[in-house]
Amino acid sequence: MQPATTRRKLLRDGMLLGVGLTAGACAPSALRMMFQSPALAEDHGDPPSAEQRLRDRGITLPPPPQPVAVYIPAVRVGNLLYTSGHIPKRADGSAIVGKVGQDLTLEQGFDAARLVGVNVLSSVRHALGSLDKVARLVKVLGVVNCVSSFTQQPQVINGFSELMIEIFGEADGKAARSAIGAGSLPGNMAVEVEAIFEIRS
């Protein structure tokens with residue numbers, strides 16, 4: 001075989017080998033794309049909406065709470081929605097009352113704060129028409145009715161904050177926050193929370 005012919009054969013074989021290696025590397029990715037299940041494909045799409053997360057968790061929002069004094073439950077100013085202080089009122093009209101650290105345990109206070117969150121979401125949906133119009137939670141003020149020696153107010157208000165993260169996601173549901181104790185609250189309510197939400201334009 002002539003030297004020129006040998007060089008051409010080596011070049012040709014090298015090119016074929018390179019094409020084969022490239023195709024082999026791409027094949028698994030291509031096969032995954034062809035046979036990937038719809039459920040797995042959806043993992044790479046948009047995250048579920050707030051309303052969808054609510055449905056997924058089986059949470060039914062009660063009718064929005066009615067004011068019992070001279071205020072309204074939520075006020076929109078520009079792209080912000082301010083909610084009044086909400087209380088842990090159940091759908092049947094009863095409420096969680098008592099002092100945390102005396103009448104209620106930390107865990108019961110946590111549950112009360114979560115119930116407040118459900119009522120806040122109800123007011124937000126009533127004001128906006130859909131929770132999907134919320135861009136993010138901006139600020140939370142949580143007040144715990146507790147004895148003077150109780151110092152775990154942040155853990156109580158986590159009941160509210162963790163619900164917001166469940167519904168709006170980690171990035172949009174976690175807000176700036178204050179959690180404080182009070183010697184008493186109206187009606188001896190266990191917890192009261194107010195919040196500020198940013199609204200999608």
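Visitor: What should I know about the model before we start?
Guide: It is a predicted model, in which local features need pLDDT of at least 70 and side-chain atom pairs count only at pLDDT 80 or more, while totals for chains, interfaces and linings use all residues. Residues are numbered from 1 along each chain as its sequence is written, and side-chain values use heavy atoms, with hydrogens and water left out.

Visitor: OK, how many helices and strands are there in the chain?
Guide: The chain has 5 helices and 5 strands, and along the sequence they follow the pattern α-α-α-β-β-α-β-α-β-β. Helices (H or I, at least four residues) and strands (E, at least two) are DSSP runs, numbered from the N terminus.

Visitor: And what share of the 201 residues is buried?
Guide: Buried residues make up 33% of the chain, where buried means under 20% relative accessible area, exposed means over 50%, and partly exposed is in between (1.4 Å probe, protein chains only). The chain exposes about 11800 Å², of which carbon and sulfur atoms supply 59%; these areas come from the Shrake-Rupley method with a 1.4 Å probe, and for residues only the protein chains shown count as cover.

Visitor: What about contacts between residues at least 6 apart in sequence, how many of those join residues at least 24 apart?
Guide: Of those contacts, 81% join residues at least 24 apart, with contact meaning heavy atoms within 4.5 Å.

Visitor: Switching to the core, which residues touch the most other members of the largest nonpolar one?
Guide: That core has 39 residues, and L121, L131, F160, I167, F168, V191 and F197 touch the most other members. The term stands for a set of buried Ala, Val, Leu, Ile, Met, Phe, Trp, Tyr and Cys residues joined through side-chain atoms within 4.5 Å. In soluble globular proteins, nonpolar side chains tend to be buried together.

Visitor: Which elements give two or more residues to this core?
Guide: They are α3, α4 (106-128), β3, α5 and β5 (191-199), and α4 gives the most, with 9 residues.

Visitor: Let's do pockets: what volume does the largest pocket have?
Guide: Its volume is about 350 Å³, and of the 18 residues that line it, Q66, V68, Y71, G85 and I87 are the closest to its centre. On a 1 Å grid over the protein atoms alone, a pocket is an open set of points where a 1.4 Å probe fits, with protein on both sides within 12 Å along at least five of seven lines, and lining residues have an atom within 4 Å of a point. Grid points are joined across faces, edges and corners, and a volume is the space filled by probe spheres set on the points.

Visitor: How does that lining split by class?
Guide: The lining of the largest pocket has 10 nonpolar, 6 polar and 2 charged residues. Here Ala, Val, Leu, Ile, Met, Phe, Trp, Tyr, Cys and Pro count as nonpolar, Asp, Glu, Lys and Arg as charged, and the others, Gly among them, as polar.

Visitor: And what lies in the second largest pocket?
Guide: The second largest pocket holds about 190 Å³ of space, and of its 14 lining residues the closest to the centre are P48, S49, A50, R53 and R200. The elements that give two or more residues to that lining are α3 (50-56), β3 (134-145) and α5 (153-173), with α5 giving the most, 3 residues. By class, the lining of the second largest pocket divides into 8 nonpolar, 1 polar and 5 charged.

Visitor: Last one, where is I196 and what does I196 touch?
Guide: I196 is in strand β5 and, not counting residues up to four places away in sequence, touches L80, L81, Y82, L137, V138 and K139. I196 and K139 are 57 residues apart in sequence and 5.1 Å apart in space, C-alpha to C-alpha.
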